[in-house]
Amino acid sequence: MDLKDYINIYLNEVNEITSKLDKQEIEKMISVILKVKKVQGRIFMLGVGGSAGNASHAVNDFRKI
């Protein structure tokens, strides 16, 4: 497998996965986050193992907003 094949396979998998995401659920999550921000509330992130890195990264992203 050459590099172009690998890239195409990867991008096809990304497209397949993201096409299955429920856009209405994403909109609901955004609405909740905006409401929490409006009332100066808190969002808690939890992760164990590798997910702890994801949670930590998400916290830093939300702090930038």
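## Reading the labels on this model

Trainee: This is a predicted model. What makes Lys20 and Glu16 a salt bridge?

Mentor: Happy to go through it! The two side chains meet at 3.6 Å, N to O. The cut-off is a Lys or Arg side-chain nitrogen within 4 Å of a carboxyl oxygen of Asp or Glu, so the Lys20 and Glu16 pair qualifies.

Trainee: Why is Lys20 called exposed?

Mentor: Lys20 has 63% relative accessibility. Exposed means over 50%, so Lys20 gets that label.

Trainee: And what makes Glu16 partly exposed?

Mentor: Its relative accessible area is 45%. Buried means under 20% and exposed means over 50%, so Glu16 falls in between.

Trainee: How do you know that Lys28 and Glu25 meet in a salt bridge?

Mentor: Their N to O distance is 3.1 Å. The limit is 4 Å, so this pair counts too. A search of the whole structure finds 2 salt bridges.

Trainee: Why are Lys28 and Glu25 said to be about one helical turn apart?

Mentor: Because they are 3 residues apart in helix H2. As for Glu25, its relative accessibility is 39%, so it lies between the 20% and 50% limits and counts as partly exposed.

Trainee: What makes the nonpolar surface patch, and where does Met1 lie?

Mentor: The patch is made by Met1, Leu3, Tyr6, Ile7, Ile9, Tyr10, Leu11 and Val14, and covers about 850 Å². Met1 lies in the segment before helix H1 (3–19).

Trainee: Which residues lie nearest the centre of the largest pocket?

Mentor: Those are Lys37, Ile43, Phe62, Arg63 and Ile65, out of 13 lining residues. Helix H2 (23–38) and helix H3 (50–64) are the elements that give two or more residues to the lining. The volume of this pocket is about 320 Å³.

Trainee: How is the lining of the largest pocket divided by class?

Mentor: It has 9 nonpolar, 1 polar and 3 charged residues. Lys and Arg count as charged, so Lys37 and Arg63 belong to the charged class. Ile and Phe count as nonpolar, so Ile43, Phe62 and Ile65 go there.

Terms used. Residues are numbered from 1 along each chain as its sequence is written. This is a predicted model: local features need pLDDT of at least 70, side-chain atom pairs count only at pLDDT 80 or more; totals for chains, interfaces and linings use all residues. Side-chain values use heavy atoms; hydrogens and water are left out. On a 1 Å grid over the protein atoms alone, a cavity is a set of points where a 1.4 Å probe fits but cannot get out, and a pocket is an open set with protein on both sides within 12 Å along at least five of seven lines; lining residues have an atom within 4 Å of a point. Grid points are joined across faces, edges and corners, and a volume is the space filled by probe spheres set on the points. Helices (H or I, at least four residues) and strands (E, at least two) are DSSP runs, numbered from the N terminus. Buried means under 20% relative accessible area, exposed over 50%, partly exposed in between (1.4 Å probe, protein chains only). Patches are made of residues with over 30% relative accessible area and no salt bridge: like charges are joined within 9 Å, nonpolar side chains (Val, Leu, Ile, Met, Phe, Trp, Tyr) within 5 Å. Accessible areas come from the Shrake-Rupley method with a 1.4 Å probe; for residues, only the protein chains shown count as cover.
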